[in-house]
Amino acid sequence: MNLRGAVRADRPLVVLAVGEEARYLPPDLPVLLTGMGKVNAASAVAAVLAAGPRPSLLLNLGTAGALRPGLAGIHEVATVLQHDLDTELLRSLTGETYGAPLSLASEGAVLATGDTFVADDAARDRLAQRADLVDMEGYAVAWAAARAGVPCRLVKQVSDEAGDGAARTWRESVDACARDLAEWAGRHLG
């Protein structure tokens, strides 16, 4: 976890997984780098929110794999789910709901979050039945924000096609993705 800048109640806090994604964000913008994966993201966000003050918004920017052909560019997430947690099975075993999908906006993409970097055509095709995009932190950021009562938005830049070769494509495209995300933040955060 790495927090750059001061968290203020009148400003959003931008949350990203790694420094490569945050490279071009303005230096006056508070930025939290969580590290990759759901545990890192949830624990980093929870720690910052518990320490206070709470920001006006948690904005999770980052890269994501496209689960459908032709998806490119920046997408705001309407719904986020965990693709590596079997919510229905857990409900049948315990009667409790764990990891239900979270609604964030009325329009936008469906994001599947899991602790696996999806770089396999078969896995991508299975996930495409439930979602448009895939990442490793979005659900955890949204969940921690919801638990703390802080508004949250997820905005993802497509970096790869989540199939064979996705790791190579992510490495090749992350710098351009970081530029696009910084430009988006500049337009939407003033």
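Axes, in what follows, are lines fitted to C-alpha atoms, for helices over the stretch in contact, and angles run from 0 to 180 degrees between N-to-C directions. Helices (H or I, at least four residues) and strands (E, at least two) are DSSP runs, numbered from the N terminus.

Good morning, colleagues. The model is a predicted one, so local features need pLDDT of at least 70 and side-chain atom pairs count only at pLDDT 80 or more, while totals for chains, interfaces and linings use all residues. Residues are numbered from 1 along each chain as its sequence is written, and side-chain values use heavy atoms, with hydrogens and water left out.

I begin with a helix pair. Two packed helices are described by the angle between their axes and the distance between the axes. For helix α2 (residues 38–51) and helix α5 (residues 138–148), the axes come within 8 Å and cross at roughly 30°. The two helices are therefore roughly parallel to each other, a label that applies to angles under 35 degrees. The crossing of α2 past α5 is right-handed, meaning that the near helix is turned clockwise from the far one by less than a right angle.

Which residues in α2 and α5 meet? From α2 come Lys 38, Ala 41, Ala 42, Val 45, Ala 46 and Leu 49, and from α5 come Ala 140, Val 141, Ala 144, Ala 145 and Ala 148; contact means heavy atoms within 4.5 Å. These residues divide into ten nonpolar, no polar and one charged, where Ala, Val, Leu, Ile, Met, Phe, Trp, Tyr, Cys and Pro count as nonpolar, Asp, Glu, Lys and Arg as charged, and the others, Gly among them, as polar.

Staying with α5, I turn to Ala 142, which lies in that helix. Ala 142 counts as buried because its relative accessibility is 3%; buried means under 20% relative accessible area, exposed over 50%, partly exposed in between (1.4 Å probe, protein chains only). Not counting residues up to four places away in sequence, Ala 142 touches Val 80, Leu 102, Leu 104 and Cys 152. Its C-alpha atom is separated by 6.1 Å from that of Cys 152, ten residues apart along the chain.

Next is Asn 60, found in strand β4 (residues 57–66). At 2% relative accessibility, Asn 60 is buried. Leaving aside neighbours within four places in sequence, its contacts include Asp 135, Gly 138 and Val 141.

Finally, Asp 180 lies in helix α6 (residues 166–189). Is Asp 180 exposed, partly exposed or buried? With 35% relative accessibility, Asp 180 counts as partly exposed. Asp 180 and Tyr 24 are 156 residues apart in sequence and 8.9 Å apart in space, C-alpha to C-alpha.

Key
Angles under 35 degrees count as roughly parallel, over 145 as roughly antiparallel, 65 to 115 as roughly perpendicular and the rest as oblique.
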